[in-house]
Each structure stands twice: as C-alpha cells, then as structure tokens.
Amino acid sequence: MYKLTQPITSTPSNSPTMPTTEETMVLLSSHDHNLSVLAPLLRQNRPTCQEPETLHTPLHKAILGAAQYLSISDYDLQEKKMKLAEQTVRLLLENGSIWNDLDREGKTPGCLADEKGLKGLYEILVDAGVRAELLFSRLDGYVSLGEGENEGEDGDEDREEDKEMEDGDEEVPTLVSAEPEWKDPNPITSPAYLSSRLTYHPDKLLDADLNSVMMSWETDIMRRTAELLLPQTPNPPSSSTTTTSTTTGPRILNIGFGMGIIDTLFQSHTPPPQKHTIIEAHPDVLTHHLHPTSPWRTNPTIEILPGRWQDVLPSVIARGEIYDAIYFDTFAEDYCALRDFFTEYVVALLNPEGGRFGFFNGLGADRKISYDVYRKVVEMDLFEAGLETKWEVVKVGDLGKEGEWEGVRRKYWCLDEYWLPICTFLGELEEGM
C-alpha cells in the first residue's frame, strides 16, 4: 500500500539565500518568457534559484507568466505567447530546473499549471517527472518517488561534481531535487509495521501511530475493482435434464487482507471462487480476522498463507498454482515492492488466457501531479513486464468534508478521482472493459 509515501517533491528551504543579480534576471526573464535574455544566462546559472518571499523558482515564474495569457482575446496572439511559455519551460528543464520544487505554499510548478488551467504546460511537467523517475529506476542509485532521504556523506562530493559539469560542453539536467529535506519523524517501514499493534475501528484499521492501514471509504473502489477483475459469468442455458451448473468459479490470489473488504467482495462473486488464496503478514490481522475458527479458515475453498508475500510466493509458484485474478494491496511498502511483484511474480502466477491483475493505486495520491507521474511510470513498467493496462476513473469525492480522516494522523488521499488499473498479458485485454 502506498498510503504513507510522501510527495515526490523537495521541501522548501525555511531560509533561502538572496538571489544574485543574475539569478534575479533568470527569475524575471522566466516570468516574461524572454528567451533572448534567459538562454545566455543559463549558460552560467542553473535555474534553481528561488524568490525569497514566495520561494518561486524560475519554473514557477514561467507558469505564472503564462497564466496571464489566458485573458488575451486574440486567439493567434494567445497561441504565440503560449508557445513562448512552452519553450521557456522546456529550456528551464533542459538546463536543470527541478520539476517538483515546492514554493512557500507547498505547490510545485505543476500544481500551479493545473490550477491555472494550463494543460499543455502541465503535461510538459508531468513528462519531466516521468523521465526523472524512469532514469532513477534504471540506475543503482534509484530513489523512490515520495521518499525524502538525506544525501549522506557523499552529498558534498556530488555537488562538487555538478559544479564541475557546469563548465563542460554539455550540462546534465537536474531531474529531481538533489537535497530533499523532509524527513518523517516516525517513518513506517515494513519491519516496523509488522511489529506494531493494530486497532480495528468500525470504519478503519489503524496502527499504533494512528496511520491508516485501510479505511471503509475504499469500499466503492474495491467493489468496482472486484467487478472488473472478476467479470460476471453468464448463466448457462436452462435444460430440462440438468438442474446444476457446471460453471466453475475463478481462482483468486489476494496479497494483503487488512479489513477484508475486497476478499468479502470476491466471495460474493457468481459463481463463487473455486480457490481463494489470501497472503497476510501482520499477526494482529491474522489473530483478529483469520484465526483458526473464523469463516475464512473453515471455508474449504479459501487458503490462508501467513507471512510476507516475498517469503510465501516462491513455494506457491513451485507447486504450479495459476490464478485468474490477482490483487495487491500491502502496507508500508514502496513502489519498488509493487514493481518487483508484477515483474517477478504476476507473470508466473497469472492465467495467460484472460487472467487479470490489479492493485490499489495510491501512488503519489497526495497531489495530482505526483499521481499522474506515477500512473505513467507504472504503466510503462507494467508494459515492460509484458502487461497492458486499462484505467477506469472512479469518483472519490471530498473525504475531508465527510470527516473520513478523524482520528487519522496523516491523510494519504487528497484527490477527487481514483484511477483504477486492470492489467492483462499483452493482447488479452478485452475491448469495452
């Protein structure tokens, strides 16, 4: 589950340095999209400076400058100005602007572009985020979207190398912030989560630090996910000589039980599952819901496998199990875990003839641009693993207004729409899903 992941952003400095004269000119020419002034300045200045009062970077300034063009009534003039704005944004990114820097209000340039209705500029920034994440994911120094870790002892050395590169023939653009300063005082890791005490409430499951493991507002999402993972089987034709159906139910694998929302929905499917395997690692979940005398244990078609999926699944693969539907919804694991799961395990366990895979898509859900970047990244990684993805938008609504977050330490969802993924092997995705 990706509910504790922090935004893919750098934290704004509390005491930014005053920009030099040339840096001030970079900020002004970025706002005005004055390429004849900006381009020469960027040969000697990386566009990572910030306006002290607002913490606006050159990218923020370029977006705000473009917003003024929306009031131009002359379409041709407006289009000409917007092209200049796009050229400015691309130039800044090519020369080292950080696409996900935060201003004083905690907004990235992409957040501003989305607010102002600048769709073209927003997509440029999303693409920049995707390139950054794909680059890091293919390097040994991979940094997960959302994790703000200190550089460590090598940070100063890296900055010196960056400085030297500025004097070279070609500058390598900075795709993400080099110094994310945010650090969770109570970081949640998988070992810490598995050793923590969980508390079940009527509408939520919380850990000892009041982090939400699962919440009842997710039910509508889970219901639609179950419907798409397990399409209803048509009733067989009636027969005067046959009174029982020979239709067999699906084989299902779910990673992460939590409150049992989607597993309950799976069990209500028609026809019911012929095999339903549940892997759950947390002892409190096993004790509360999956104890030896619970209906989950006494149902002969349900198999409960305690433990981490990384430890359990090799034996499942070894015995030759194949599943028609696989769902993944763990907690306190990052995107690397999900990618490993569908790259190494889904391809071995999913029925090649029409099998479907889904996961809870909470990747970067604290802000729209992070969510859109993650969606493109995961779709590309799925495709590389031999899986194609179809998305369905599910309306979520204003959870804050509905009081869903009462008693929860930190909100993990801030968006109005949920992008629901359904994946199949290439060529197996049905039209009209």
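The questions below concern a predicted model, and they go from the whole chain to single residues.

Me: How many helices and strands does the protein chain have?
Reply: The chain has 433 residues, and buried residues make up 51% of them. Among contacts between residues at least 6 apart in sequence, 75% join residues at least 24 apart. The secondary structure comes to 15 helices and 10 strands.

Me: How many disulfides does a search of the whole structure find?
Reply: A disulfide is a covalent bond between the sulfur atoms of two cysteines. Counting one here requires two cysteine sulfur atoms within 2.5 Å. Cys49 is buried at a relative accessible area of 7%, and Cys336 is buried at 19%. The number of disulfides found in the whole structure is 0.

Me: How many residues are in the second, separate core?
Reply: Phe357, from the largest core, touches residues including Leu229, Phe328, Leu382 and Pro421. Leu229 is included in the second core, along with Leu198, Met222 and Ala332. That separate core has 46 residues.

Me: Is Asp372 buried or exposed?
Reply: Asp372 is placed in helix α15 (residues 368-384). Leaving aside neighbours within four places in sequence, Asp372 is in contact with Tyr122 and Val126. The limit for a buried residue is under 20% relative accessible area. Asp372 has 7% relative accessibility, so Asp372 counts as buried.

Me: Which ring does Arg375 lie over?
Reply: The side chain of Arg375 makes a polar contact of 3.3 Å with the side chain of Asp372. Arg375 also lies over the face of a ring, at 3.7 Å from the ring centre, and that ring belongs to Trp419.

Me: Why is the pair of Phe360 and Tyr418 tilted?
Reply: A pair of aromatic rings is described by the distance of the centres and the angle of the planes. Planes under 30 degrees apart count as stacked and those over 60 as edge-to-face, with the rest tilted. The centres of Phe360 and Tyr418 are 5.5 Å apart and the planes are at 40°, so this pair is tilted.

Me: How many residues apart in sequence are the parts that Phe360 and Tyr418 tie together?
Reply: Both residues are buried, Phe360 at 1% relative accessibility and Tyr418 at 0%. Phe360 lies in the loop between β8 (356-359) and α15, whereas Tyr418 is in strand β10 (residues 417-425). The pair therefore ties together parts that are apart in sequence by 58 residues.

Me: What is the angle between the planes of Trp413 and Tyr418?
Reply: Trp413 counts as buried, at 2% relative accessibility. Trp413 and Tyr418 form a tilted aromatic pair at 5.6 Å centre to centre, and the angle between the planes is 35°.

Me: Which residues do ring pairs link into a cluster with Trp413 and Tyr418?
Reply: The count of aromatic pairs comes to 19. Phe360 and Tyr418 make one of the tilted pairs. Besides Trp413 and Tyr418, the cluster holds Trp217, Phe360, Tyr371, Trp405 and Tyr412.

Note on methods: Residues numbered from 1 in each chain as written. Predicted model: local features only at pLDDT ≥ 70, side-chain atom pairs only at ≥ 80, totals over all residues. Heavy atoms only, no water. Buried < 20%, exposed > 50% of the residue type's maximum accessible area, 1.4 Å probe, protein only. Core = buried A, V, L, I, M, F, W, Y, C linked by side-chain atoms within 4.5 Å. Contact = heavy atoms within 4.5 Å. Helix = DSSP H or I, 4+ residues; strand = E, 2+ residues; numbered from the N terminus. Polar contact = N/O pair within 3.5 Å; in protein donor to acceptor, adjacent residues only side chain to side chain. Phe/Tyr/Trp six-rings, centres within 6.5 Å; stacked < 30°, edge-to-face > 60°. Lys NZ or Arg CZ within 6 Å of the ring centre and 35° of its normal.
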